[in-house]
Amino acid sequence: MKTKKKASKKRRTRRSKRSKLSHLPTQTQKRRVTEEGVSPVVEKYWFQRYDLFSKYDEGIQMDEQGWYSVTPEQIAITQAQRCQNPTVVIDCFAGVGGNAIQFASLCCHVVAIEIDPLKVDMAINNARIYGVEDYIDFIVGDFFQLAPSLKGDIVFLSPPWGGPSYRRVKKFTLDLLEPKDGYDLFQAAQAITPNIIMFLPRNVDLLQVEELCWLSSPPLEFEIEENYVHGKLKGVTVYFGGAAAGQYG
C-alpha cells in the first residue's frame with residue numbers, strides 16, 4: 001500500500017511539472033520580446049497584449065507606462081457600453097488611447113486629454129488602426145488646467161495608479177491616485193457633469209469611493225462593478241449619476 005501511494009505521488013509530480021512547463025514562454029515568444037525591446041518591467045504585460053488590444057499585431061504602439069496602465073480591451077468595451085447614444089465623452093487621462101477607442105467605436109465623440117505628447121502620438125496611431133480617429137479630438141494638456149473650459153455628457157476618469165506597485169498595498173486609498181487625490185479629481189470632473197465613470201484598482205477602499213457620491217447635493221447615485229479578464233479581477237469601475245446602470249441616455 002505504501003509503495004503504491006509513493007508511485008502515485010511521483011506520477012502526480014511529473015504531471016504537475018509538465019503542466020507548469022506548458023505555461024512557460026516558448027523560445028519564439030522570448031525572441032519576440034527581445035526583438036520588440038520590451039523591458040523586464042512590462043514583459044508579463046506583453047504576454048497579455050491581445051487582451052490589451054485585439055489588433056496589437058496591426059501596429060499598436062505603447063510606451064512602458066502604457067503597457068501597464070492601458071485598460072484591457074474587454075473592460076473598456078464594457079465601460080463604453082454605458083454610452084451608446086451619441087454622446088460627448090471626456091477621457092481625462094487618455095494614455096495610449098485604449099478607452100477613447102472603445103468610446104469612439106460606439107459613435108461617441110471623445111475629447112481625449114493626455115499630458116504626454118508622445119502618448120498622444122501613439123494614441124492617434126492606435127485610433128487609426130481601429131478606424132475611429134475621426135471620432136476623437138486629442139488634446140495635449142493637463143486635465144486640471146483644462147477642466148473649467150470643458151463641456152461633455154460623461155467624464156471618464158482612469159488616473160495613474162502609481163504603477164504596478166499598487167498591488168502591494170493592502171487597501172488602496174484615494175490619496176494614492178496621481179497626479180492629485182481622488183477627491184480633487186472627482187470634484188474637477190463633477191464641475192463638468194455629474195455623469196462620471198471611474199476605473200480604479202481592484203484593491204481600492206470602497207468606503208472612500210462611496211464617500212465621493214456625498215460630494216454632491218443631493219448625493220449622486222452610484223454603482224460599483226468588478227472587472228474580470230479570464231477569471232482574474234483586474235479593476236473596479238464605478239458609475240456615478242446618470243452613468244449608473246440604466247440611467248444615462
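Predicted model: local features only at pLDDT ≥ 70, side-chain atom pairs only at ≥ 80, totals over all residues.
Trainee: How many of the residues of E5 are buried?

Mentor: Five of its five residues, and E5 is mostly covered.

Trainee: Which strands are joined to E5 by bridges, and how do they run?

Mentor: E4 and E5 run parallel and are joined by three bridges. E7 runs antiparallel to E5, with five bridges between them. There, phenylalanine 199 has threonine 237 of E7 as its bridge partner.

Trainee: What do E4 and E5 make with helix H10?

Mentor: E4, H10 (residues 182-190) and E5 make a β-α-β unit, and this unit is right-handed.

Trainee: Now a helix. Which residues of H6 are buried?

Mentor: The general idea comes first. An α-helix has 3.6 residues a turn, so residues three or four places apart point the same way. In H6, which spans residues 73-80, the buried residues are Glu73, Ile75, Ala76, Gln79 and Ala80. They lie on the same side of H6 because they cover an arc of only 160° around the axis.

Trainee: What covers the buried residues of H6?

Mentor: The cover includes strand E5 (196-200), along with helices H4 (49-52) and H7 (98-105) and strands E4 (154-157), E6 (222-229) and E7 (232-240).

Trainee: What about the backbone: which peptide bonds are cis?

Mentor: Most residues other than glycine have a negative phi, and most peptide bonds are trans. Here, the bond from glutamate 178 to proline 179 is cis, with omega near 0°. Proline 179 sits in the loop between E4 and H10. Another cis bond joins serine 217 and proline 218, with omega about 0°. Proline 218 belongs to the loop between helix H11 (206-212) and E6.

Trainee: Where is histidine 230, and is it buried or exposed?

Mentor: Histidine 230 is in the loop between E6 and E7. Its relative accessible area is 67%, so it is exposed. Its phi is positive, about 55°, although it is not a glycine. Cysteine 107 also has a positive phi, near 70°. Cysteine 107 is in the loop between H7 and strand E2 (109-114), and at 47% relative accessibility it counts as partly exposed.

Key. Residues numbered from 1 in each chain as written. Heavy atoms only, no water. Buried < 20%, exposed > 50% of the residue type's maximum accessible area, 1.4 Å probe, protein only. Helix = DSSP H or I, 4+ residues; strand = E, 2+ residues; numbered from the N terminus. Arc of directions from axis to C-beta. Contact = heavy atoms within 4.5 Å. Pairing = 2+ DSSP bridges. Right-handed = clockwise from strand over helix to strand, strands pointing away.
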